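Open the model in your viewer and keep the selection tool at hand.

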Amino acid sequence: MKDTVLVTGGTGFIGSHTTVELQQAGYNVVIVDNLSNSNADVLDGIEKITGIRPAFEKVDCCDMKALEAVFEKYNGIKGIIHFAASKAVGESVEKPLMYYRNNLNSLINLLELMPKYGVKGIIFSSSCTVYGQPDAENLPVTESAPIKKAESPYGNTKQVNEEIIQDYVNSGAPIKSIILRYFNPIGSHPTAYIGELPNGVPANLIPYLTQTAAGIRECLTVFGDNYNTPDGSCIRDYIYVVDLAKAHVCAMARILDGKAEEPVEIFNIGTGHGVSVLELINSFERATGVKLNYKIGERRAGDIEAIWGNVDKANKVLGWSANTPLDEVLLSAWNWQKHLVK
Ligand code: WQD
(Lines give C-alpha, C1' and ligand atoms only; values in the text may rest on other atoms or scores of the structure.)
Protein backbone atom coordinates (compact mmCIF):
# COMPACT_ATOMS: atom_id res chain seq x y z
CA MET A 1 0.00 0.00 0.00
CA LYS A 2 1.27 3.43 -0.90
CA ASP A 3 0.96 6.57 1.21
CA THR A 4 -2.26 7.86 2.76
CA VAL A 5 -3.86 10.77 0.90
CA LEU A 6 -6.55 13.04 2.32
CA VAL A 7 -9.18 13.97 -0.28
CA THR A 8 -11.32 16.91 0.80
CA GLY A 9 -14.64 17.09 -1.04
CA GLY A 10 -14.14 13.42 -1.92
CA THR A 11 -17.87 12.62 -2.26
CA GLY A 12 -18.21 15.30 -4.93
CA PHE A 13 -18.07 14.89 -8.71
CA ILE A 14 -14.31 15.21 -9.30
CA GLY A 15 -13.35 14.10 -5.79
CA SER A 16 -15.12 10.74 -6.09
CA HIS A 17 -13.57 9.99 -9.49
CA THR A 18 -10.14 10.96 -8.14
CA THR A 19 -10.61 8.71 -5.09
CA VAL A 20 -11.26 5.77 -7.45
CA GLU A 21 -8.09 6.45 -9.43
CA LEU A 22 -6.00 6.96 -6.27
CA GLN A 23 -7.21 3.66 -4.80
CA GLN A 24 -6.57 1.85 -8.07
CA ALA A 25 -3.05 3.32 -8.06
CA GLY A 26 -2.51 1.81 -4.60
CA TYR A 27 -3.01 4.84 -2.34
CA ASN A 28 -4.91 4.67 0.93
CA VAL A 29 -7.61 7.39 0.78
CA VAL A 30 -9.31 9.27 3.61
CA ILE A 31 -12.23 11.45 2.51
CA VAL A 32 -13.44 14.47 4.43
CA ASP A 33 -16.60 16.14 3.20
CA ASN A 34 -19.34 18.19 4.89
CA LEU A 35 -21.92 16.74 2.46
CA SER A 36 -23.24 20.25 1.73
CA ASN A 37 -23.29 19.51 -2.01
CA SER A 38 -23.03 15.70 -2.18
CA ASN A 39 -24.17 12.61 -0.30
CA ALA A 40 -22.52 9.67 1.43
CA ASP A 41 -24.13 7.17 -1.00
CA VAL A 42 -21.22 8.05 -3.30
CA LEU A 43 -19.03 5.93 -1.00
CA ASP A 44 -21.08 2.88 -2.07
CA GLY A 45 -20.37 3.69 -5.71
CA ILE A 46 -16.63 4.03 -5.06
CA GLU A 47 -16.60 0.72 -3.19
CA LYS A 48 -18.50 -1.02 -6.02
CA ILE A 49 -15.84 0.11 -8.48
CA THR A 50 -12.66 -0.51 -6.47
CA GLY A 51 -13.75 -2.98 -3.79
CA ILE A 52 -12.32 -0.60 -1.19
CA ARG A 53 -14.57 1.64 0.90
CA PRO A 54 -12.57 4.79 1.63
CA ALA A 55 -12.41 6.04 5.22
CA PHE A 56 -14.89 8.88 5.53
CA GLU A 57 -15.22 11.73 8.03
CA LYS A 58 -18.14 14.16 7.82
CA VAL A 59 -16.14 17.28 8.49
CA ASP A 60 -16.25 20.89 7.33
CA CYS A 61 -12.70 22.00 6.48
CA CYS A 62 -13.55 25.42 7.95
CA ASP A 63 -13.93 23.74 11.37
CA MET A 64 -10.27 23.71 12.44
CA LYS A 65 -10.87 21.60 15.57
CA ALA A 66 -12.72 18.89 13.67
CA LEU A 67 -10.25 19.00 10.80
CA GLU A 68 -7.23 18.63 13.11
CA ALA A 69 -8.91 15.64 14.75
CA VAL A 70 -8.83 13.92 11.35
CA PHE A 71 -5.04 14.37 11.13
CA GLU A 72 -4.74 13.04 14.67
CA LYS A 73 -6.92 10.01 13.89
CA TYR A 74 -5.30 9.10 10.56
CA ASN A 75 -1.69 9.82 11.42
CA GLY A 76 0.57 9.31 8.43
CA ILE A 77 -1.35 11.41 5.90
CA LYS A 78 1.36 12.38 3.41
CA GLY A 79 -0.62 14.22 0.75
CA ILE A 80 -3.79 16.27 0.39
CA ILE A 81 -5.98 16.82 -2.66
CA HIS A 82 -8.21 19.77 -1.89
CA PHE A 83 -11.54 19.83 -3.77
CA ALA A 84 -13.88 20.99 -0.99
CA ALA A 85 -15.20 24.40 -2.05
CA SER A 86 -18.32 26.19 -3.17
CA LYS A 87 -18.24 26.30 -6.96
CA ALA A 88 -21.38 27.86 -8.45
CA VAL A 89 -20.47 31.01 -10.35
CA GLY A 90 -23.95 32.54 -10.16
CA GLU A 91 -24.42 31.73 -6.45
CA SER A 92 -21.07 33.34 -5.66
CA VAL A 93 -22.36 36.66 -7.01
CA GLU A 94 -25.38 36.46 -4.66
CA LYS A 95 -23.43 35.18 -1.62
CA PRO A 96 -19.84 36.48 -1.88
CA LEU A 97 -19.06 36.34 1.86
CA MET A 98 -20.08 32.66 2.05
CA TYR A 99 -17.77 31.95 -0.89
CA TYR A 100 -14.80 33.86 0.58
CA ARG A 101 -15.29 32.36 4.05
CA ASN A 102 -15.66 28.79 2.79
CA ASN A 103 -13.17 28.70 -0.05
CA LEU A 104 -10.38 30.64 1.67
CA ASN A 105 -10.67 29.43 5.28
CA SER A 106 -10.80 25.76 4.28
CA LEU A 107 -7.50 26.07 2.41
CA ILE A 108 -5.83 28.14 5.15
CA ASN A 109 -6.76 25.52 7.77
CA LEU A 110 -5.26 22.72 5.69
CA LEU A 111 -2.05 24.63 4.98
CA GLU A 112 -1.61 25.44 8.66
CA LEU A 113 -1.95 21.77 9.67
CA MET A 114 0.40 20.35 7.02
CA PRO A 115 3.81 21.03 8.68
CA LYS A 116 2.47 19.98 12.10
CA TYR A 117 1.47 16.54 10.79
CA GLY A 118 4.30 15.96 8.32
CA VAL A 119 2.15 16.31 5.21
CA LYS A 120 4.50 16.70 2.24
CA GLY A 121 2.26 18.13 -0.43
CA ILE A 122 -1.09 19.53 -1.46
CA ILE A 123 -2.74 19.38 -4.88
CA PHE A 124 -5.07 22.35 -5.33
CA SER A 125 -8.18 22.25 -7.52
CA SER A 126 -8.03 25.49 -9.49
CA SER A 127 -9.79 26.52 -12.66
CA CYS A 128 -9.22 28.07 -16.09
CA THR A 129 -11.56 30.73 -14.76
CA VAL A 130 -8.43 32.51 -13.50
CA TYR A 131 -7.56 33.40 -17.11
CA GLY A 132 -10.85 35.21 -17.76
CA GLN A 133 -11.25 35.72 -21.52
CA PRO A 134 -7.80 35.24 -23.04
CA ASP A 135 -6.95 37.47 -25.98
CA ALA A 136 -7.40 35.67 -29.31
CA GLU A 137 -3.64 35.57 -29.84
CA ASN A 138 -3.23 33.86 -26.47
CA LEU A 139 -5.40 30.83 -27.39
CA PRO A 140 -4.78 28.03 -26.58
CA VAL A 141 -3.96 29.52 -23.22
CA THR A 142 -0.71 28.56 -21.45
CA GLU A 143 0.06 28.60 -17.71
CA SER A 144 2.03 31.81 -18.22
CA ALA A 145 -0.96 33.66 -19.65
CA PRO A 146 -1.93 36.78 -17.72
CA ILE A 147 -4.33 36.30 -14.83
CA LYS A 148 -7.24 38.61 -15.50
CA LYS A 149 -9.59 40.25 -13.04
CA ALA A 150 -12.02 37.55 -11.93
CA GLU A 151 -15.53 37.75 -13.40
CA SER A 152 -17.11 36.39 -10.18
CA PRO A 153 -16.34 35.94 -6.48
CA TYR A 154 -16.02 32.20 -7.23
CA GLY A 155 -13.31 32.87 -9.80
CA ASN A 156 -11.64 35.33 -7.42
CA THR A 157 -11.46 32.72 -4.65
CA LYS A 158 -9.50 30.49 -7.05
CA GLN A 159 -7.08 33.30 -7.83
CA VAL A 160 -6.65 34.27 -4.16
CA ASN A 161 -6.20 30.62 -3.15
CA GLU A 162 -3.36 30.27 -5.65
CA GLU A 163 -1.73 33.38 -4.15
CA ILE A 164 -2.20 32.05 -0.59
CA ILE A 165 -0.37 28.85 -1.52
CA GLN A 166 2.43 30.74 -3.25
CA ASP A 167 2.87 33.19 -0.32
CA TYR A 168 2.82 30.39 2.27
CA VAL A 169 5.47 28.37 0.40
CA ASN A 170 7.54 31.56 -0.15
CA SER A 171 7.42 32.15 3.62
CA GLY A 172 9.44 28.95 4.03
CA ALA A 173 6.69 26.44 4.80
CA PRO A 174 8.17 22.94 4.38
CA ILE A 175 5.58 21.79 1.86
CA LYS A 176 5.17 21.50 -1.89
CA SER A 177 2.10 22.21 -3.98
CA ILE A 178 0.83 21.45 -7.45
CA ILE A 179 -1.96 23.67 -8.74
CA LEU A 180 -4.17 22.11 -11.41
CA ARG A 181 -6.19 24.54 -13.52
CA TYR A 182 -9.12 22.53 -14.86
CA PHE A 183 -11.01 23.41 -17.98
CA ASN A 184 -14.53 21.94 -18.18
CA PRO A 185 -14.84 18.55 -16.46
CA ILE A 186 -17.63 16.38 -17.92
CA GLY A 187 -18.81 12.78 -18.17
CA SER A 188 -19.04 9.96 -15.63
CA HIS A 189 -17.21 6.78 -14.69
CA PRO A 190 -17.70 4.04 -17.33
CA THR A 191 -19.36 1.80 -14.72
CA ALA A 192 -22.06 4.49 -14.15
CA TYR A 193 -21.69 3.85 -10.40
CA ILE A 194 -20.50 7.45 -9.85
CA GLY A 195 -21.06 10.65 -11.80
CA GLU A 196 -22.14 14.27 -11.63
CA LEU A 197 -24.97 14.85 -9.11
CA PRO A 198 -26.10 18.46 -9.53
CA ASN A 199 -28.36 19.92 -6.86
CA GLY A 200 -31.58 21.39 -8.25
CA VAL A 201 -31.60 22.93 -11.73
CA PRO A 202 -28.14 22.38 -13.24
CA ALA A 203 -26.18 25.50 -14.16
CA ASN A 204 -23.59 23.53 -16.15
CA LEU A 205 -24.19 22.43 -19.72
CA ILE A 206 -23.78 18.65 -19.57
CA PRO A 207 -26.15 17.81 -16.69
CA TYR A 208 -28.78 20.12 -18.17
CA LEU A 209 -28.28 18.51 -21.57
CA THR A 210 -28.60 14.92 -20.30
CA GLN A 211 -31.64 15.84 -18.16
CA THR A 212 -33.24 17.31 -21.28
CA ALA A 213 -32.46 14.13 -23.23
CA ALA A 214 -34.03 12.13 -20.38
CA GLY A 215 -37.20 14.26 -20.48
CA ILE A 216 -36.61 15.77 -17.04
CA ARG A 217 -36.12 19.21 -18.63
CA GLU A 218 -38.29 20.40 -21.49
CA CYS A 219 -35.67 22.02 -23.66
CA LEU A 220 -31.99 22.99 -23.54
CA THR A 221 -31.31 26.66 -24.24
CA VAL A 222 -28.07 27.39 -26.04
CA PHE A 223 -26.95 30.67 -24.49
CA GLY A 224 -26.21 32.59 -27.66
CA ASP A 225 -25.09 31.78 -31.19
CA ASN A 226 -23.87 35.26 -32.10
CA TYR A 227 -20.37 35.04 -30.68
CA ASN A 228 -17.29 35.57 -32.80
CA THR A 229 -16.73 31.80 -33.22
CA PRO A 230 -17.12 29.54 -36.30
CA ASP A 231 -20.72 28.54 -35.50
CA GLY A 232 -21.51 31.46 -33.21
CA SER A 233 -21.73 29.42 -29.99
CA CYS A 234 -19.19 29.55 -27.14
CA ILE A 235 -16.10 27.37 -27.17
CA ARG A 236 -14.74 25.43 -24.19
CA ASP A 237 -12.20 22.67 -23.49
CA TYR A 238 -14.34 19.77 -22.26
CA ILE A 239 -12.22 17.20 -20.40
CA TYR A 240 -13.34 13.71 -19.34
CA VAL A 241 -13.55 13.61 -15.53
CA VAL A 242 -11.72 10.24 -15.44
CA ASP A 243 -8.81 11.70 -17.43
CA LEU A 244 -8.86 14.68 -15.04
CA ALA A 245 -8.81 12.32 -12.04
CA LYS A 246 -5.78 10.53 -13.47
CA ALA A 247 -3.95 13.88 -13.66
CA HIS A 248 -4.32 14.17 -9.87
CA VAL A 249 -2.69 10.76 -9.38
CA CYS A 250 0.24 11.86 -11.56
CA ALA A 251 0.54 15.11 -9.59
CA MET A 252 0.35 13.36 -6.21
CA ALA A 253 3.03 10.86 -7.25
CA ARG A 254 5.24 13.69 -8.52
CA ILE A 255 5.23 15.25 -5.06
CA LEU A 256 5.34 12.10 -2.92
CA ASP A 257 8.06 10.53 -5.08
CA GLY A 258 10.13 13.70 -4.64
CA LYS A 259 10.09 14.59 -8.36
CA ALA A 260 8.55 18.07 -8.05
CA GLU A 261 11.23 20.52 -9.21
CA GLU A 262 9.64 23.69 -7.83
CA PRO A 263 7.87 24.19 -4.46
CA VAL A 264 4.79 25.29 -6.44
CA GLU A 265 4.06 23.97 -9.93
CA ILE A 266 1.06 24.95 -12.06
CA PHE A 267 -0.50 22.84 -14.85
CA ASN A 268 -3.40 23.31 -17.27
CA ILE A 269 -5.54 20.19 -17.25
CA GLY A 270 -7.62 20.02 -20.42
CA THR A 271 -7.66 18.29 -23.79
CA GLY A 272 -5.96 21.12 -25.69
CA HIS A 273 -8.94 21.29 -28.06
CA GLY A 274 -11.85 23.76 -28.19
CA VAL A 275 -15.39 22.53 -28.82
CA SER A 276 -18.45 24.75 -29.33
CA VAL A 277 -21.80 24.17 -27.64
CA LEU A 278 -23.40 23.28 -30.98
CA GLU A 279 -20.56 20.89 -31.84
CA LEU A 280 -21.00 19.24 -28.46
CA ILE A 281 -24.75 18.80 -29.04
CA ASN A 282 -24.00 17.16 -32.41
CA SER A 283 -21.46 14.87 -30.74
CA PHE A 284 -24.03 13.86 -28.10
CA GLU A 285 -26.68 13.04 -30.72
CA ARG A 286 -24.16 11.06 -32.79
CA ALA A 287 -22.84 9.13 -29.78
CA THR A 288 -26.21 8.29 -28.22
CA GLY A 289 -28.64 8.29 -31.14
CA VAL A 290 -30.85 10.57 -29.02
CA LYS A 291 -32.30 13.66 -30.71
CA LEU A 292 -31.91 16.62 -28.37
CA ASN A 293 -34.62 19.27 -27.97
CA TYR A 294 -32.80 22.61 -27.89
CA LYS A 295 -33.28 26.20 -28.91
CA ILE A 296 -31.06 29.24 -29.30
CA GLY A 297 -31.55 31.83 -26.55
CA GLU A 298 -29.93 34.97 -25.23
CA ARG A 299 -26.34 35.10 -24.06
CA ARG A 300 -25.74 34.28 -20.35
CA ALA A 301 -24.23 37.14 -18.34
CA GLY A 302 -20.60 36.46 -17.43
CA ASP A 303 -19.97 33.86 -20.12
CA ILE A 304 -16.67 34.17 -21.92
CA GLU A 305 -16.63 33.59 -25.67
CA ALA A 306 -13.86 31.03 -26.12
CA ILE A 307 -11.20 29.30 -24.07
CA TRP A 308 -9.20 26.12 -24.44
CA GLY A 309 -5.91 25.06 -22.94
CA ASN A 310 -2.37 24.55 -24.10
CA VAL A 311 -1.60 21.34 -22.18
CA ASP A 312 1.96 20.69 -23.41
CA LYS A 313 3.39 21.23 -19.92
CA ALA A 314 1.14 18.60 -18.31
CA ASN A 315 1.85 16.23 -21.20
CA LYS A 316 5.63 16.61 -20.93
CA VAL A 317 6.24 17.21 -17.21
CA LEU A 318 3.41 15.23 -15.61
CA GLY A 319 3.54 12.56 -18.29
CA TRP A 320 -0.23 12.85 -18.54
CA SER A 321 -2.70 13.53 -21.36
CA ALA A 322 -6.45 13.41 -21.89
CA ASN A 323 -7.20 10.97 -24.71
CA THR A 324 -10.83 9.94 -24.36
CA PRO A 325 -12.85 10.87 -27.48
CA LEU A 326 -15.68 13.35 -26.88
CA ASP A 327 -18.37 10.97 -28.22
CA GLU A 328 -17.28 8.35 -25.63
CA VAL A 329 -17.30 10.95 -22.85
CA LEU A 330 -20.81 12.12 -23.72
CA LEU A 331 -22.02 8.52 -23.91
CA SER A 332 -20.71 8.03 -20.35
CA ALA A 333 -22.71 11.09 -19.23
CA TRP A 334 -25.82 9.67 -20.90
CA ASN A 335 -25.35 6.22 -19.34
CA TRP A 336 -25.02 7.87 -15.92
CA GLN A 337 -28.19 9.90 -16.50
CA LYS A 338 -30.10 6.73 -17.41
CA HIS A 339 -28.69 5.05 -14.27
CA LEU A 340 -29.98 8.00 -12.19
CA VAL A 341 -33.52 7.88 -13.48
CA LYS A 342 -33.89 4.15 -12.82
C1 WQD B 1 -20.39 25.79 -20.71
C2 WQD B 1 -20.96 26.42 -21.99
C3 WQD B 1 -22.55 28.19 -21.61
C4 WQD B 1 -25.70 25.76 -19.83
C5 WQD B 1 -18.16 26.91 -15.21
C6 WQD B 1 -17.14 27.50 -14.26
C7 WQD B 1 -15.91 26.65 -14.27
C8 WQD B 1 -16.31 25.27 -13.87
C9 WQD B 1 -17.29 24.71 -14.92
C10 WQD B 1 -16.36 24.68 -11.54
C11 WQD B 1 -21.08 27.94 -21.90
C12 WQD B 1 -23.20 27.01 -22.31
C13 WQD B 1 -24.50 26.17 -20.39
C14 WQD B 1 -26.90 25.82 -20.60
C15 WQD B 1 -25.63 26.67 -22.45
N16 WQD B 1 -16.91 25.27 -12.58
N17 WQD B 1 -24.48 26.61 -21.69
N18 WQD B 1 -26.82 26.28 -21.89
O19 WQD B 1 -19.47 28.40 -17.48
O20 WQD B 1 -17.76 27.24 -18.98
O21 WQD B 1 -17.63 26.96 -16.52
O22 WQD B 1 -18.44 25.57 -14.88
O23 WQD B 1 -15.34 24.05 -11.48
O24 WQD B 1 -15.00 27.16 -13.32
O25 WQD B 1 -16.80 28.79 -14.70
O26 WQD B 1 -19.46 25.89 -17.76
O27 WQD B 1 -21.17 24.20 -18.28
O28 WQD B 1 -21.91 26.42 -17.27
O29 WQD B 1 -21.13 26.34 -19.62
O30 WQD B 1 -25.59 27.09 -23.62
O31 WQD B 1 -28.02 25.47 -20.14
O32 WQD B 1 -22.31 25.94 -22.17
O33 WQD B 1 -23.00 29.41 -22.20
O34 WQD B 1 -20.76 28.47 -23.17
P35 WQD B 1 -18.60 27.23 -17.76
P36 WQD B 1 -20.99 25.67 -18.17
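Select α9 (residues 277-288) and α11 (residues 326-340): these helices pack at about 70°, axes 8 Å apart. They are therefore roughly perpendicular to each other, a label for angles of 65 to 115 degrees. Axes are lines fitted to C-alpha atoms over the stretch in contact, and angles run from 0 to 180 degrees between N-to-C directions. Helices are DSSP runs (H or I, at least four residues) and strands are E runs of at least two, numbered from the N terminus. This is a predicted model: local features need pLDDT of at least 70, side-chain atom pairs 80 or more, while totals for chains, interfaces and linings use all residues. Residues are numbered from 1 along each chain, and side-chain values use heavy atoms, without hydrogens or water.

Now show the α9–α11 contact (heavy atoms within 4.5 Å). Leu280 and Phe284 are among the α9 residues there, and Leu330 and Trp334 among those of α11.

Next, select α7 (residues 205-213). Of its 9 residues, 8 are buried, so the helix is largely enclosed by the rest of the structure. Buried means under 20% relative accessible area, exposed over 50%, partly exposed in between (1.4 Å probe, protein chains only). Leu205, Ile206 and Gln211 are among the buried ones. The buried residues pack against β7, β8, β10, α9 and α11. Step on to glycine 215, which follows α7: its phi is positive, near 85°.

Finally, the cysteines. The structure holds 0 disulfides, a disulfide being two cysteine sulfur atoms within 2.5 Å. For cysteine 62, the nearest cysteine sulfur, in cysteine 61, is 7.1 Å away. Cysteine 62 is partly exposed, at 29%. Cysteine 234 is buried, at 7%. Its sulfur lies 12 Å from the closest cysteine sulfur, in cysteine 128, too far for a bond.

Conventions:
Angles under 35 degrees count as roughly parallel, over 145 as roughly antiparallel, 65 to 115 as roughly perpendicular and the rest as oblique.
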